[in-house]
Amino acid sequence: MARAVSSQPTEVELQILRILWESGGSTAREVHNGLTEIKGTTYSTTVKMLSVMLEKGLVKRDETVTPQVYRAAMSQKVTQKRMLGDLIEKVYNGSAMSLVLQALSSGKASADELAEVRRIVDELEGKKP
């Protein structure tokens, strides 16, 4: 039985989306050049990836210009929110708190990041710094 196509971007698709978010829109050749710096790939593979991403609704293609220009279908922030929501549901049983506690207990947060977390918690509790 065939596996259902996920609307979530794969790792390579995320790399392509990062190129598109940074550029605001790129031709297939420009995406390929950016992708080659990160991951060795052929031009035909890049074109195929863009085609798959178009089918998944991850990118849009402007066919009114030549060469055609690809743009991310959603902003980086919206994509991050959707992926995070999916991660929280699948891995943390719907508990955002479990995710936050796991992330903070990993010990990888800098002092500045911890200060920002404290500021956000204070703000959520109605305290003003």
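This is a predicted model: local features need pLDDT of at least 70, side-chain atom pairs count only at pLDDT 80 or more; totals for chains, interfaces and linings use all residues.
Visitor: Why does N93 count as exposed?

Guide: N93 has a relative accessibility of 75%. Exposed means over 50% relative accessible area, buried means under 20%, and partly exposed lies in between (1.4 Å probe, protein chains only). The value for N93 is over the exposed limit, so the residue counts as exposed.

Visitor: What is the mean pLDDT of the protein, and where is confidence lowest and highest?

Guide: pLDDT is the predictor's confidence in each residue, from 0 to 100. The protein has a mean of 90, and 94% of its residues reach 70 or more. Confidence is lowest in helix 5, with a mean of 89, and highest in strand 2 (residues 69–72), at 98. Helices (H or I, at least four residues) and strands (E, at least two) are DSSP runs, numbered from the N terminus.

Visitor: What else is noted about the backbone of N93?

Guide: N93 shows a positive phi of about 55°, although this residue is not a glycine. N93 is placed in the loop between helix 4 and helix 5. Another backbone feature is the peptide bond from T66 to P67, which is cis, with omega near -5°. P67 belongs to the loop between strand 1 (59–62) and strand 2.

Visitor: How are K90 and D86 placed relative to each other in helix 4?

Guide: K90 and D86 are four residues apart in helix 4, so about one helical turn separates them. An α-helix has 3.6 residues a turn, so residues three or four places apart point the same way. K90 and D86 form a salt bridge, with their closest N and O atoms 3.1 Å apart. K90 is exposed, at 64%, whereas D86 is partly exposed, at 24%.

Visitor: Which residue meets E123 in a salt bridge?

Guide: The partner of E123 is R119, at 2.9 Å from N to O. Both residues lie in helix 6, four residues apart, about one turn of the helix. R119 is partly exposed, at 34% relative accessibility. Salt bridges with shared partners join E116, R119 and E123 into one network.

Visitor: What makes T79 buried?

Guide: The relative accessibility of T79 is 6%, which is under the limit for buried, so T79 counts as buried. T79 is located in helix 4. Contact means heavy atoms within 4.5 Å, and T79 touches P9, W21 and M74, not counting residues up to four places away in sequence.

Visitor: Which residues of helix 2 (residues 28–38) are buried?

Guide: The buried residues there are A28, V31, H32, G34 and L35. Their cover includes helix 1 (11–23), helix 3 (43–56) and strand 2. Helix 2 also holds I38, which contacts Q15 and I19 when neighbours within four places in sequence are left aside. The C-alpha atoms of I38 and V12 are 9.7 Å apart, although the two residues are 26 residues apart along the chain.

Visitor: What is the class make-up of the lining of the largest pocket?

Guide: A pocket is an open set of points on a 1 Å grid over the protein atoms alone, where a 1.4 Å probe fits, with protein on both sides within 12 Å along at least five of seven lines; lining residues have an atom within 4 Å of a point. The lining has 12 nonpolar, no polar and no charged residues; among them are L84, M97, A103 and V117. Nonpolar covers Ala, Val, Leu, Ile, Met, Phe, Trp, Tyr, Cys and Pro; Asp, Glu, Lys and Arg are charged, and the others, Gly among them, polar. Helix 5 gives the largest share of the lining, six residues. About 340 Å³ of space lies in this pocket, volume being the space filled by probe spheres set on the points.

How values were computed. Residues are numbered from 1 along each chain as its sequence is written. Side-chain values use heavy atoms; hydrogens and water are left out. A salt bridge is a side-chain nitrogen of Lys or Arg within 4 Å of a carboxyl oxygen of Asp or Glu.
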